[in-house]
Amino acid sequence: MKYKLTKYIKNNIKYITLITILLLIVTYCDLKLPDYMAKIIDIGIVNKDLEYIYKIGGYMIIYVLIGLCANIISGYFSSILSNKISHDIRYDLYNKVINLDNNLLTTSSSSLINRLTIDVNEVNSGLFIILRIIIMAPIIALFASIKILNTNKKMAYILLISILIMSFIIIILFKKVLPKLKKVKILLDKLNLVSKENIKGIKTIKAFNKQKEIINKFNITNKSILNTNNYINKIMLLLSPLITLIINLTTVIIIYIASKEIINDSFNVGTMVAYIEYMMQVLTAFLMFSLLFVIIPKVSVANKRIKEIMNIDNNKENNGKLKLSNNIVIEYKNVCFSYDKHKQDLKNINFKINNNDKIGIIGSFASGKTTLLNTLLKINNITDGKILINNKDIDEYDIKNLRKNISLSPQENIIFSGTIKSNIKYYNKNLKNDELIKICKISKLDTFVDLNNIDKYKVEYEGKNLSGGEIKRLSIARTLAKKAQIYIFDDSTSSIDYKNSNKIIDNIIKYLNDKIVIIVSQRISNIKKLDKIIVMDNGKIDCIGNHEYLLKNSKIYKQIYDSQKI
Amino acid sequence: MMKDLKKLLVYIKPYKISIIIVSLMSIIYSCLFVISPKILALATNRLVDKKIIKITNLDIKYIVNILIICALIYILTSIIEYVNSLIINRICNKLSYNLRKDISKKINSLPLKYYDQNEYGEIISRIGEDVDNISSNLEQILSSMISDIICFIGILIMMFSISKIMSIITLILIPVQMFIMIIIMFKTQKYFNVKKDIISNMDSKIISSITSHKLIEVNNKQEEDIKDFEKINDNLYNCGFKSDFYSSIILPIVSLVNNLSYIIISIVGGYSVVKNRLKVGDIQAFLQYIQSFNNTSEELSSMSSTLQSVYASIKHINIFLEQVDEVDYGIYKPKKLIGNIEFKNVYFSYDNKKNVIKNFNVKIKSGSKIAIVGETGCGKTTISNLLMKFYDGYTGEILIDGKDIKDISTDTLRSKFGIVLQNSFVMNDTVLNNINFLNNKNSNKLDILEKEFNLKDYINYDLLINEDNDNISLGEQQIISIFRTIINEYDIVILDEATSNIDSRTEELIQKLTNKVMEDKTSIIIAHRLSTIKNADYILVMDKGKLVGVGKHDELINSNNKYKKIYENSI
């Protein structure tokens with residue numbers, strides 16, 4: 001479903017109606033004052049009746065109080081409305097982000113924060129002002145026209161004509177200016193891009209002495225912004241003087257007509273004074289339209305940024321119903337995968353994992369190890385070939401069940417703020433204490449944690465108070481705590497010293513002897529005891545076998561081995 | 001403070017005549033604006049006289065004359081308003097143009113050191129937000145400050161001239177209104193503070209969810225995570241609702257006070273007219289004055305925050321514009337560099353704390369190819385940075401062809417170097433334009449290269465590289481970066497080899513091209529590839545900023561432990 005801002009307006013239409021009604025009352029009360037003013041002049045003053053003047057004053061106060069109440073209530077509902085809309089957009093946006101496929105999430109977290117907070121607010125408050133202007137101006141104009149229509153048709157026509165002219169002018173100006181506003185927006189983005197590139201490539205630019213050229217490139221855009229802005233403003237600035245002039249001239253005409261009638265004794269002075277008041281109200285309402293020029297572009301920019309995220313389409317997910325059983329055999333048949341069309345990230349991957357297998361994967365940086373694991377987790381959906389689990393295509397399995405049965409220790413250091421204990425139990429809240437202690441020993445957490453007092457170890461956000469090796473160990477413990485059929489350790493030993501990392505791996509293999517374990521490592525010593533080691537190179541499998549076999553048959557493996565043998 | 005405002009004045013100064021004209025017109029505008037209700041009142045008075053005193057021979061001509069005068073005033077004020085705002089707007093647009101231009105110039109004249117310490121996002125927001133902020137707020141100040149002040153005073157005078165009592169009543173209500181508003185704002189402030197806390201909570205929730213996004217996905221924790229977020233979101237809703245509601249009361253209060261003064265004026269005015277102290281037209285004018293009075297006082301009171309915001313932005317920009325530029329004392333402009341390079345006792349530190357280059361001594365002979373090897377952070381790249389005068393502040397001497405590089409003009413020096421950086425830089429433009437790199441002409445050298453290497457098989461010249469540079473592989477980016485260097489004239493080559501993995505076909509081409517770049521030239525290679533290291537005339541081994549070994553591969557592998565270790569790790 002595509003994201004549309006109007007959806008949030010539609011969902012809250014009842015609040016909008018309610019607010020509109022309340023605003024009608026407010027406006028009605030406001031416009032009642034000039035009416036009474038007219039009565040004071042026409043009856044009170046003309047008849048020199050002070051009593052009457054006071055009485056009318058009392059009525060005026062009643063209306064003011066009604067108006068006040070309606071105004072406050074409308075403020076109440078407006079606050080609900082605006083906060084509800086932003087709450088809902090935030091909810092939907094966050095939902096979208098969390099449910100997005102991991103490899104589609106390329107926006108930085110700071111940018112996402114801005115979108116979720118500042119942009120949502122910008123859209124919401126802007127939307128709110130736009131609604132208010134669009135509702136208020138016509139209401140005031142309508143009421144004023146009706147009031148005048150009741151007493152004098154000629155004047156009412158004149159007012160209606162001037163309202164039509166004003167609306168016409170506003171529409172024309174908007175039509176002329178809006179595309180240009182968009183153009184400025186594009187130009188500004190371009191300007192930002194040029195300066196971003198300028199700073200990013202500053203070393204290259206200086207090395208090639210191209211400072212003048214890049215400044216010129218910047219200034220070409222800068223100049224077009226200046227010219228477009230000048231054009232926009234030439235038109236936009238017309239709005240306020242034109243509307244003021246039209247209203248003022250209409251007032252003059254109305255007074256002229258009124259005067260003629262007053263001379264003929266068919267019209268009252270007070271009514272004329274009231275009309276002048278109405279005109280002032282209509283003027284303010286229409287002048288608010290010029291605010292739209294400022295708000296609409298702002299809203300549309302913020303909205304665009306929200307839309308960008310909302311409209312990312314998740315990859316098509318083939319979701320089946322099969323559940324994983326206890327004995328698992330996984331088979332990769334000619335599996336290929338690419339992130340984009342330009343490059344194949346996995347090429348013709350063929351291998352088999354039997355139940356209880358312990359697999360090692362080794363290869364240089366960016367050789368496709370993590371990409372390969374991601375295909376099993378269905379984070380990456382393969383582009384060609386087949387992954388079979390117990391002879392059934394992986395797509396036939398229920399993705400949630402599949403992931404429930406895999407426990408992953410990712411390459412990235414992910415630590416939650418809380419305690420050591422809360423981190424370990426993150427995916428298994430029911431973990432028993434003796435099991436927890438056992439896991440801590442396996443992952444050698446006991447080298448820096450007193451297991452008897454494990455509750456008191458606080459962990460800061462991102463594990464800032466832990467060393468790299470400690471973070472890795474904690475991540476291993478968390479992975480072991482989850483009950484699963486398949487355990488994957490992606491580069492989990494990289495910051496741990498050789499001796500301890502080997503011990504940890506031995507422990508893991510022993511502990512998980514009836515599970516499938518996949519260990520990715522850059523170190524031969526970590527994996528050389530495993531029966532099956534996959535050597536990856538450039539997105540391809542170079543060779544599979546045990547340590548001795550690979551030393552003989554894989555040049556790459558031998559190279560790595562030689563470099564690490566000291 | 002004065003310094004920053006002076007800076008702003010420098011930008012405004014060229015337009016002082018325009019601003020004087022605008023100010024004069026503003027004065028005329030204000031006078032007309034203030035006087036017009038009073039003129040209109042004359043007509044009303046005449047009409048009421050007719051009604052009450054029953055003048056029978058009232059001349060419509062009198063009224064028409066007044067109305068014509070009013071209409072003329074209205075037309076005139078509208079014209080002045082438009083012309084004034086147009087002039088001011090032009091000034092402000094030009095001002096932002098100039099500010100942007102100066103910032104862009106500054107970006108290119110700052111030393112590289114500045115960019116080590118500052119994020120580009122911050123600099124870009126100067127160009128965007130701060131410049132916009134200055135121009136739009138300044139526009140408001142310049143176009144309405146003078147007329148607002150004059151109107152404010154003028155209206156007050158007119159009000160008092162009509163009725164002292166009514167004026168005093170109106171003015172008394174203002175502090176009452178202020179008082180209520182302060183109480184409300186005080187109340188709201190509390191919620192705003194809570195809101196800030198909730199938002200920062202939300203920020204950290206988002207950050208932690210984004211970093212653990214993969215774990216959330218593979219552990220089926222999406223719903224739980226969204227629930228956590230929803231708690232914060234609900235809090236934000238509740239708090240936001242309260243703070244918005246309290247601040248929404250301000251508007252009704254303001255209009256209540258306005259309406260009350262309207263009613264009081266109506267009653268007191270009516271009373272005064274009955275008692276023959278006032279005329280009806282005066283009440284009508286007075287009511288108009290109150291409305292304008294409210295508008296102008298509102299605008300004037302918002303002026304201080306507008307000024308503050310301009311000041312804050314000016315200060316931001318000023319901090320940037322006053323950074324010290326890259327300095328160049330070199331006046332010597334050699335036509336050609338022979339390529340004898342010498343480092344004498346060079347020490348260097350990026351942050352004035354830790355030396356990254358320590359007692360560096362080396363002589364490189366013209367025409368030789370040397371490879372620098374060492375672990376990350378050992379100072380390899382720094383050597384090239386110093387040589388190209390990207391950084392100064394080193395001690396010791398660096399000589400090229402016997403001349404201290406401090407005495408050689410920076411631009412000339414850099415133009416004699418052909419450099420290929422480790423991180424290839426590409427722009428949102430076509431591949432061809434990226435190769436020609438901000439030159440308008442196509443280099444004919446490219447055709448020669450094309451014939452030699454059949455480049456069209458490897459790279460599509462017309463491909464438009466997108467903003468994120470993700471429709472082009474790293475290998476292709478490297479090819480572009482090497483081309484960019486080859487098509488220029490240069491005497492010395494600095495080559496910082498990239499470490500990223502690329503496919504073997506591209507790798508092969510890059511190898512060929514790098515050999516081409518180095519042909520017959522003095523070359524310094526910050527090496528990562530075994531083949532480059534082996535082909536070098538000699539190798540400099542660096543460790544923690546020091547030179548720990550010089551020699552050929554075969555010699556070093558046996559005699560130098562550091563080199564042996566690096567060699568073993570790199571394969």
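Two strands count as paired if DSSP finds at least two bridges between them, and strands themselves are DSSP runs of E with at least two residues, while helices are runs of H or I with at least four, all numbered from the N terminus. With that in hand, 2 bridges join strand β4 (residues 384-389) of chain A to β5(A), and these strands run antiparallel.

A word on conventions. This is a predicted model, in which local features need pLDDT of at least 70 and side-chain atom pairs count only at pLDDT 80 or more, whereas totals for chains, interfaces and linings use all residues. Residues are numbered from 1 along each chain as its sequence is written, and chains are lettered from A and ligands numbered from 1 in the order in which they are written.

Back to the strands of chain A. Ile389(A) has Lys392(A) in β5(A) as its bridge partner.

| Strand pair | Sense and bridges | Residue pair |
|---|---|---|
| β3(B) (369-373) and β9(B) (538-543) | parallel, 4 bridges | Ile370(B) and Tyr538(B) |

β9(B) and β10(B) make a hairpin with 2 residues between them, and Lys544(B) in the turn has a positive phi of about 45°.

Now for a helix pair. The axes of α2 (residues 13-45) and α4 (residues 109-151), both of chain A, come within 10 Å and cross at roughly 40°. Axes are lines fitted to C-alpha atoms, for helices over the stretch in contact, with angles from 0 to 180 degrees between N-to-C directions. α2(A) and α4(A) are therefore oblique to each other (under 35 degrees is roughly parallel, over 145 roughly antiparallel, 65 to 115 roughly perpendicular, the rest oblique). Residues are in contact if their C-beta atoms, placed from the backbone, lie within 7 Å. Among the residues of α2(A) that meet α4(A) are Ile16(A), Leu23(A) and Tyr28(A), and the α4(A) side includes Ile135(A), Phe143(A) and Lys147(A). This contact of α2(A) with α4(A) divides into 12 nonpolar, 2 polar and 1 charged residues.

Finally, the two chains: 110 residues of chain B are in contact with 112 residues of chain A. Helix α8 (residues 222-274) of chain B gives the most to the side of chain B that touches chain A, with 27 residues.

Notes:
Nonpolar A, V, L, I, M, F, W, Y, C, P; charged D, E, K, R; others polar.
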